[in-house]
Structures are given as C-alpha cells and as structure tokens.
Amino acid sequence: RGLRVADRGFLNTAVIESAITYIDGERGILRYRGYPIEQLAEKSTFLECAYLLIYGALPARSQLSHFEREVLLHGIMHADATKFFGSFRYDAHPMAMLTSAFAYLGSYYGEANPSLQGQTLFTKCAKGDPEALQNMDKQIYRLIGKAITLAAMAYRVRQGREFVVPPTGMSYAESFLYQLDHLSPTDSFSTSSSASPSPSPYKPHPVLARALDILFILHADHEMNASSTTVLQTGSSLPDPYSAVAAGCASLYGPLHGGANEAVIRMLVSIGSPNNVPAFLAAVKRREKVLSGFGHRVYKTSDPRSFIIRKIADEVFAVTGPDPLLDTAMALHDAALKDDYFVSRKLAPNVDFWRHVPHRILSTIPCIGFPMDFFPVLFVVPRVVGWVAHWRQMMLSPEGVKIWRPRQIYVGPSERSYVPFNERE
Ligand code: CMC
C-alpha cells in the first residue's frame, strides 16, 4: 500500500547504515574503514585488512598475531569433510562445490546456530556478552581459515589429487598456494612450475605470494555488492553464519558478479589476438556480446583497484613469463576507452578486467593447467572477509536485527473465481 515505483536492481535503495567500506564511484575512491585502498595494498597484509574490516581498527601487533594464529589454525578440516568432498563429480563447477561446502560447515557447528541456542545467541552478542562474542569470533576465524582450505579442496577434486593439510608458519596467501600445489605422496608427477623449482616441500614464490595477498586485499570488501547483500538478507532471518555465507557464495557465482572474472578470461581467449578486437567490439555494440570486465554499478569513471592490479602485473609477469592474453587485453582496453559507445555509457575497466594477472600467478602452479572456472573461487576467498564483517556489524547493531522483507508492486489480475478443468477454454 502506498508503493508506486519499484526500484528494480536497487538502484536507489540504501538497505543499511554501514561504517565498513566507503566508495565514491564518480571519483574512483575506495576506502576500508577510512583507509585508502592504495595505502592498504602497498603497506598492509590481507589478514591485517581482514581484522580492520571486521573489528573497525588497525590491530596492535599482539592482536594481529592472535588473529592470524586463530584464522590459520582454523583452516584445518575435520576428516569427515574430506569424505563429503569425495562425493562431488571430478568436473563439478568449483563454485557449486564451495557453496555446498560452506553450507555443510553449518552442520558441524551447532553452537553457531541460533535456532539451537533459543535465538538468544545474537541478542547476547549485541548486548556485549563476552562468551557470546567469543563464540561469534570463533565462527569468523573458522570461516576465513577454512575458505582457503575448501577452495584448495575444490581444486584438488578436479585434479583427482589427495587433499593437503594446511601448513604452519606460512601467511594466508602462502598457505593457499601450498594447499593447491603441495605434492602429496600419491601424486605421481612432479611440478612443472618454473617459479617453484623444488618439488617438495613446496615453497610459494615470495613475489607471487605477495601479489596474491594484494589481490586478496583488493577483493576483501566492496560494500553492498550483490553477494554481501545476499549474506545480510539471509543473515537477517538469523541462521548460522555458514548458511549466510553459502548464500553469498551462490550469489557471487553469477556472471554479472564474481563469474565475470571467468568470463573475462574466456572472452580474451575467444578473441584470440589484437587483430580481432574491432570485430568483437562491433558485436558488443550490436548487443550480441558483452564486454566482460567493463562497467560497474558504482564506479562510473574508474575502478581504483584496476590501477593497482595493473601495477603489480609487471612484477608477476617478470616471474611467470609474458602473459599470452596481455596483448589482446591491452588492445581491447585501449580501443574501448576511445570508443564513443563505451565512453558515453561511462564504461571503464573494473577489477575483473585484469583477471589474467592471478591467472598467470596460478598457472605456475598446476601440473595440468589451471581451470578457468576456478576463478570466481579466487574472489570468494577474500570476499568471505567482507561478508563476515557486514554480518557481524548487522548482528551487533544496537537497534537489533530486522528481517529483510522488501515489498513489491502487484501487477497481476484482480480477484477472479476458480474455473474447473471442463470449463476452461
Ligand atoms: N558491455 C557492453 N555494454 C555494457 C556493459 C558491458 N560490459 N555494461 C553496461 N553496458 C551498457 C548497458 O547495455 C547499458 O546500455 P543502454 O543504456 O544502451 O541500455 C549501459 O551500459 C548501462 O549499463 P547497465 O546494465 O544499466 O549497468 P548496471 O549498473 O545495471 O550493470 C554491470 C553493471 C557490472 C552488471 C554491467 O556493467 C556488466 O554487465 N558488466 C559486465 C560484467 C562484469 O564485468 N561484471 C563485474 C563487475 S565488477 C565485480 C563485481 O562487483 O562483481
């Protein structure tokens, strides 16, 4: 009642007040808790940014060590989970595996489930109850710690390789690379990676590990994107956070969101060479194709993350060797930025356009090639941090959680009477 206009795609709807991430889409600004993304990418680490996003302040040294220890410790999976992963087809889409795996974790941790706790758990958190807050922190450590473990398991299912127990004494990005590539006793091949010449024990290349850490920083949060909104929408009915994160993961899967990075690689491969760029752009303008990695709901001039990735690309390529997709990407980039069709619609490269940078990092790893459909998973891993930061903020909001239940404008038929089969036309 009283609604006249539907806000399709929520172009003009702010659903929450948030102190986490600030974006100015016109000026190309992104800040986490007030700190510019450029400074964080240069000076911080992924887990320090995670702490900042979740708890609101840069940690003291002892707070960071505690956080890192807890997160990395909680990367270890119960042995049963390996059996669960064994039930997927070897060629299942990794995002389908990951979405299921996060939901599966919810079955493990009853203490996170408000319905088993008489719904009082989150009320206690909001009132500052230390035990309830500790419980909440533990779920956060688990979700972030297990994100890399689950992602690596999804990868190794594809390769038919044994899972790797998370290592100790490595950073988050190093641990992820290790779990992807470490040779287990049953691996019958040796690594072909030029960047990691010693096959065992696997030691991640420091330049590549740092580049991956920066990529994780850039992807950690982006305020009310589709998947974070989904996590909050789901979280607003108070399920356990694993279920809310699984819902976010499903949302990120789509080609208009996290699936775009896979689409960028496929697009560049299908274009094949700089010579074919004009024909491809003509097809985009005829609306037969989409220029993946261009355009953004919020950034209308430039995406600051894309400049940072462009900068680290050279360091990555110096280690991995030249990127066969780079010439095509540059030709496409330059032509689109000069073309009136894209300029007039304010379409600039977004963070996903430079997807071939992590592609190069990770193509140094596997013995049988890095599958393209794995790329959205590299987006999920860091975005788990943003999801839990938003979820925690909502759960702790002093006014309590209100279930997200939007309205619609009904445009169907007015009341009519049921018609039996033999009287229908
Ligand atoms: N290629 C060709 N035309 C485009 C593109 C594109 N990538 N993006 C937008 N347009 C056109 C669109 O057709 C429309 O034209 P017209 O006004 O003539 O109908 C105009 O530009 C405005 O676009 P829109 O669809 O209204 O913009 P939106 O805010 O609804 O969509 C978007 C944003 C990101 C979904 C869209 O730009 C897109 O589909 N981009 C390609 C997919 C992609 O790269 N996604 C990753 C986004 S960044 C990471 C993330 O947040 O997940």
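Three strands, placed in the order S1-S2-S3, make up an open sheet with antiparallel pairing, where strands are DSSP runs of E with at least two residues and helices are runs of H or I with at least four, both numbered from the N terminus. This is a predicted model, in which local features need pLDDT of at least 70, side-chain atom pairs count only at pLDDT 80 or more, and totals for chains, interfaces and linings use all residues. Residues are numbered from 1 along each chain as its sequence is written.

**The sheet**
- Strand S1 (21–24) and strand S3 (35–36) stand at the edges with a single partner strand each, so one side of each has no neighbour in the sheet.
- S1 and strand S2 (residues 29–32) run antiparallel and are joined by 4 bridges, two strands being paired if DSSP finds at least two bridges between them.
- Tyrosine 22 stands opposite arginine 31 in S2.

**Helix H18**
- The 21 residues of helix H18 (residues 375–395) should span 30 Å at 1.5 Å a residue, which agrees with its end C-alpha atoms being 30 Å apart; the expected span is 1.5 Å times one less than the number of residues.
- H18 has a kink of about 40 degrees centred on proline 382, the bend being the angle between axes fitted to the seven residues ending at a residue and the seven starting there.
- In H18, 20 of the 21 residues are buried, meaning that 20 or more other C-beta atoms, placed from the backbone, lie within 10 Å of a residue's own.

**Around leucine 98**
- Leucine 98 touches Leu150, Ala151, Ala154, Cys249, Val377 and Val380, not counting residues up to four places away in sequence, where contact requires C-beta atoms, placed from the backbone, within 7 Å.

Technical notes. A residue is buried if 20 or more other C-beta atoms lie within 10 Å of its own, exposed if 12 or fewer, and partly exposed in between; C-beta atoms are placed from the backbone. Two residues are in contact if their C-beta atoms, placed from the backbone, lie within 7 Å.
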